[in-house]
Amino acid sequence: MTQVQHHLDTPASQISNRVAVTQGRPDYRDSGLVFPVGFTFGSATASYQVEGAASEDGRGPSIWDTFSKTPGKVWNGDTGDVACDHYHRLDEDLDLMASLGLDAYRFSIAWPRIQASGRGPANQAGIDFYSRLVDGLLERGIKPVATLYHWDLPQPLEDLGGWASRATADAFEDYAAIVGTALGDRVHTWTTLNEPWCSAYLGYGQGGHAPGRHEPAAALAAVHHLNLAHGRALTALRATSTGTPEYSVTLNFHVLRGVGEGAPEAIRRIDGLANRAFTGPMLRGEYPADLLEDTASVTDWSFVQDGDLAAIHQPIDVLGVNYYSTATVRLWDGVSEKQMNDGHKGAAGGTAWPGSDQAVEFVEQPGPYTAMGWNIAPEGLEELLLSLSEQFPDQPLMITENGAAFEDEVSEDGSVPDVERLDYLRRHFTAAHRALSQGVDLRGYFVWSLLDNFEWGYGYAKRFGIVRVDFETLERTVKDSGHWYADLVRERAIPA
Ligand code: FCB
């Protein structure tokens, strides 16, 4: 029985005791735990969050350029125009990664740098940039882990319907073939999509992310077209890559707790929308029947065409897992707009469908919290890894993002003693190790993020880096958590 199913069988009265039970467990603040030989320690970023150079060398506008320039959408009116200026500071950043001893670097490719309009021939300058990045990593002994899509859809494709339109999945397949041809001789791991949940539900349902649409039916069409894009891209990458890359996708799983009488039902519904809507087609070749029923008042899913599920259901070498916190849900009568605005990253992502008489609400989590207001729950990571390994026993896993935002302070001597982030990481590495020691096939761990960067709707207000970026001078300073992580990578064990 999976952990998720386990929640379904847990009487609501016991669920409220979960916190107390958790508090009886170890505090996850271990040191000395040794990771297996071959375990990959990396760090991650994404193109729009770090690159800058937003209109240089033929890069076209993405939906995040448009969104961030729309008043009121991003904190302080921040944009990714300059970000960390990684595009111009590539060598410095590569040296920084080498100085931390990283085994791997997870980055994303900006589609509008490769095809300004999302279609047509490749822009050589864009390819050259990523080629230099990949070569620079390999020269330093760092494995390139490349994500094709971390949310920066070319704006012209959005103008044609975006992910709500099947044409975007067609275009994505061509883009995948271009990058597979250009970089598939050297990339170590290809990742098709980062967190399609965010792209679909936050982008098209809740509207807190680009393109900022509020259309529940479009959100579900986007779910399917992203799944289709994933499958088609895998096929295109396999056909064009001349090296021996591994293939993956990154999902942000919801680790759910429930409160109230309807807790099992609330958990089932959100598990369907947030988790099984992606793992179903990608890993089992089908959409869950209960998801189709739950959403029947919104869409008849007629956008799923013959052959689509076979196209989506492709083998992957590793399943990428992003984990930050848990979520608590509750069932309640009566639909309100509120549900469209709650949950992880501030959104349940369209869980309240028009026409349904009962809805699911995301309720506040017990603390402590990070600066994002996300609860710190390392046991949730252990539980998630165990659950995935039970649901998909032959599927190796990789933590492709984990990390935390805190209000960092810079000391007089210039150092950044980010004790809270260090503690967060220690506890989550302990959780990962606990899963490993229970037999989970976990291959690696990427800390989010290498650099403080543009945190989507929060702009530069939230800092996730293990390296501080001064957004005035763009100077980089390794934080205490970064030094600690370098020790971990060197020792292959959690440092004291
Ligand atoms: C994830 C995103 C990543 C970053 C972290 C904090 O959902 O993939 O870009 O914003 O959250």
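User: How do the residues of the shell around the ligand divide into nonpolar, polar and charged?

Analyst: Ala, Val, Leu, Ile, Met, Phe, Trp, Tyr, Cys and Pro count as nonpolar, Asp, Glu, Lys and Arg as charged, and the others, Gly among them, as polar. Here the shell divides into five nonpolar, three polar and four charged residues. This is a predicted model, in which local features need pLDDT of at least 70 and side-chain atom pairs count only at pLDDT 80 or more, while totals for chains, interfaces and linings use all residues. Residues are numbered from 1 along each chain as its sequence is written, and side-chain values use heavy atoms, with hydrogens and water left out.

User: Which residues around the ligand come nearest?

Analyst: A residue is near a molecule or strand if one of its heavy atoms lies within 4 Å of it. Of the 12 residues around the ligand, the nearest are Gln49, His150, Glu195, Glu455 and Trp456.

User: Which polar side-chain atoms lie 2.7 Å or 2.9 Å from an oxygen atom of the ligand?

Analyst: A polar contact is a pair of N or O atoms within 3.5 Å; within protein, one must be able to donate a hydrogen and the other to accept it, and residues adjacent in sequence count only if both atoms are side-chain atoms. Gln49 has a polar side-chain atom 2.7 Å from a ligand oxygen, and Trp456 has one at 2.9 Å from an oxygen atom of the ligand. For Asn194, an N or O atom of the side chain is 2.9 Å from a ligand oxygen. The protein covers 100% of the 290 Å² of accessible area that the ligand has on its own, an area that comes from the Shrake-Rupley method with a 1.4 Å probe; for residues, only the protein chains shown count as cover.

User: Where is Glu195 placed, and is Glu195 buried or exposed?

Analyst: Buried means under 20% relative accessible area, exposed over 50%, and partly exposed in between (1.4 Å probe, protein chains only). Helices (H or I, at least four residues) and strands (E, at least two) are DSSP runs, numbered from the N terminus. Glu195 sits in the loop between β4 (189–194) and α11 (196–206) and is buried, at a relative accessible area of 2%. Its phi is near 50°, a positive value in a residue other than glycine.

User: Which residues of the largest nonpolar core touch the most other members?

Analyst: A nonpolar core is a set of buried Ala, Val, Leu, Ile, Met, Phe, Trp, Tyr and Cys residues joined through side-chain atoms within 4.5 Å. Among the 155 residues of this core, Trp64, Ile109, Trp163, Phe172, Trp190, Phe429 and Tyr485 touch the most other members. Helix α12 (residues 216–240) gives the most to the core, with 13 residues. Contact means heavy atoms within 4.5 Å. Leaving out residues up to four places away in sequence, Phe429 touches residues including Phe35, Trp484 and Tyr485.

User: What does Asp317 touch?

Analyst: Asp317 is in the loop between α15 and β7 (318–322) and is partly exposed, with a relative accessible area of 31%. Not counting residues up to four places away in sequence, Asp317 touches Arg238, Pro245, Glu246, Tyr247, Gln395 and Pro396. The C-alpha atoms of Asp317 and Glu246 are separated by 5.7 Å, though these residues are 71 apart along the chain.

User: Which peptide bond to Pro368 is cis?

Analyst: The bond from Gly367 to Pro368 is cis, with omega near 0°. Pro368 lies in the loop between β9 (358–363) and α16 (378–391). The peptide bond from Trp448 to Ser449 is also cis, with omega near 10°.
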